[in-house]
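Please work through the exercises below on helix packing, chain contacts and salt bridges. Each task is followed by a solution in steps.

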Amino acid sequence: MELVVDRGLVEQAARGDQDAFSVLVRQSSDRLFAVAYRIVRDHYLAEDALQQTLVTVWNELPRLRDPDRFEAWTYRLIVRASTAVARRERRGNVSLLPDDADVSSAPDQYRVVADRDLLERAFRKLTADQRAILVLDHYVGLSQAEMADVLGIPMGTVGSRLHYATRTLRAALEADERSITAKERLA
Amino acid sequence: MTARDEFDRVLGEWLAEGPTRAPDWPVDRAIAHARTHPRRPDPLGFLRTPAFPARVGAFNPRPALLFAAALLLALAGTALVVGSRPQQTPVIVPPASVSPLPSATPTASPTARELGPAHVNLKLAAGEPASVDVFYDGVLQARSGQPGDGVSAAEDEILVANDGPNTLVLTWSGMPCETTYRLEVSPNGRDYRLERPTCSGDTIAFDRVLILTFDAPVPASQVSTKVQRAGTTSQP
């Protein structure tokens with residue numbers, strides 16, 4: 001995890017310097033929003049998660065003992081806010097690609113789009129915790145030790161959660177592909 | 001390239017797509033929140049639970065300070081016992097805003113477990129007034145903590161931390177429409193089952209913080225929690 005946050009800014013904001021806090025959150029918001037969006041897969045929900053996180057940063061910053069841990073701490077906050085939002089919205093899950101969509105005969109560029117839609121749909125079938133760990137691993141690029149630190153769980157749990165998340169995602173994709181193949185045969 | 005590598009590559013590329021720039025309004029609102037909530041001096045801040053664990057090997061003065069404070073208290077207590085032999089044990093008086101438990105004093109009846117709930121009005125950052133009924137007779141004091149404006153706990157999760165060996169701080173998130181909670185504590189003080197009301201409404205959740213002080217040490221690491229919706233059945 002590369003440290004991109006100015007330690008002095010964190011210390012000033014922790015002491016109550018609002019200007020330092022403004023600079024700090026503007027530096028961090030893009031990074032946090034990107035993570036939130038990739039977990040919740042919705043722009044508006046990601047905005048909610050980001051706002052909750054930034055407010056928590058202001059309220060809890062004095063309790064952050066080590067300013068060098070700011071980045072990891074904010075990853076923990078955004079993951080918690082995003083998974084909470086994702087769990088609440090799970091009942092309203094939407095399907096981006098209709099079940100009867102025929103992507104087999106589409107030109108290549110459309111096939112690529114369809115593959116991405118399949119991936120989107122499969123990803124949304126994962127639990128919030130599974131999405132979060134895949135985002136931290138494949139998007140943020142944290143090591144397993146860093147993920148354990150950010151999520152506050154043992155290394156072994158990180159490994160098993162990654163394993164099951166990947167397996168569930170692959171299974172969901174394969175199920176969709178089998179469904180499409182079956183429709184091709186019937187056609 | 002193996003199929004696994006290919007899968008990882010496709011997933012990584014797909015995740016890399018999408019927005020990387022945050023909109024302004026959440027940032028502006030957070031800054032406005034900071035301006036309307038200036039930080040007050042907190043002389044005891046160094047004793048509070050850290051928001052995030054320090055790096056391994058980093059010096060943390062809190063345990064040493066707590067140990068020193070406990071040692072001083074123990075010495076002072078010993079001096080009192082040796083010097084005057086007080087006949088009465090100290091009584092912990094709950095704050096006026098909290099309905100006290102009927103009694104935490106040991107009684108002659110070993111079956112007197114169910115003494116009725118402690119009713120605690122929860123302090124909230126926003127939303128409707130909320131309260132929790134705590135069912136356990138070993139609690140000396142039950143009171144609300146002051147939550148922040150954000151959400152610390154995931155849905156259906158209770159964060160548990162010690163604020164002293166005998167005191168637990170329970171934090172969970174709830175929507176504004178959730179106004180009545182029921183917390184059942186197992187006789188050994190280790191298992192907690194929170195029943196939350198079923199409701200629908202605003203999607204913005206806020207923290208609820210409950211502080212329980214027991215008559216014996218309760219390590220947070222040995223506590224298990226469970227959250228369930230009212231009307232559902234589950235074994236504790």
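The exercises treat the interface first and then the packing within one chain.

The model is predicted: local features need pLDDT of at least 70, side-chain atom pairs count only at pLDDT 80 or more, and totals for chains, interfaces and linings use all residues. Residues are numbered from 1 along each chain as its sequence is written, chains are lettered from A and ligands numbered from 1 in the order in which they are written, and side-chain values use heavy atoms, with hydrogens and water left out.

**Exercise 1.** Determine the extent of the interface between chain A and chain B.

Step 1. Contact means heavy atoms within 4.5 Å. On this criterion, 54 residues of chain B touch 60 residues of chain A.

Step 2. Buried area is the accessible area (1.4 Å probe) that two parts lose on being put together, summed over both. For chain B and chain A this is about 5300 Å², with 58% contributed by carbon and sulfur atoms.

Step 3. A salt bridge requires a side-chain nitrogen of Lys or Arg within 4 Å of a carboxyl oxygen of Asp or Glu. Three salt bridges are counted between chain B and chain A. A:Arg26 pairs in this way with B:Asp28, with the closest N and O atoms 3.0 Å apart.

**Exercise 2.** Describe how α3(A) packs against α2(B).

Step 1. Helices (H or I, at least four residues) and strands (E, at least two) are DSSP runs, numbered from the N terminus. Axes are lines fitted to C-alpha atoms, for helices over the stretch in contact, and angles run from 0 to 180 degrees between N-to-C directions.

Step 2. The axes of helix α3 (residues 43-60) of chain A and helix α2 (residues 24-36) of chain B approach within 9 Å and cross at roughly 25 degrees. α3(A) is therefore roughly parallel to α2(B). Angles under 35 degrees count as roughly parallel, over 145 as roughly antiparallel, 65 to 115 as roughly perpendicular and the rest as oblique.

Step 3. The contact residues include A:Leu54 and A:Trp58 of α3(A), and B:Trp25 and B:His33 of α2(B). By class, the contact comprises nine nonpolar, three polar and three charged residues. Here Ala, Val, Leu, Ile, Met, Phe, Trp, Tyr, Cys and Pro count as nonpolar, Asp, Glu, Lys and Arg as charged, and the others, Gly among them, as polar.

**Exercise 3.** Which parts of chain A does the pair A:Asp66 and A:Arg7 link?

Step 1. The two side chains form a salt bridge (3.9 Å, N to O).

Step 2. A:Asp66 lies in the loop between α3 and α4 (70-89), and A:Arg7 in helix α1 (residues 7-14), 59 residues apart.
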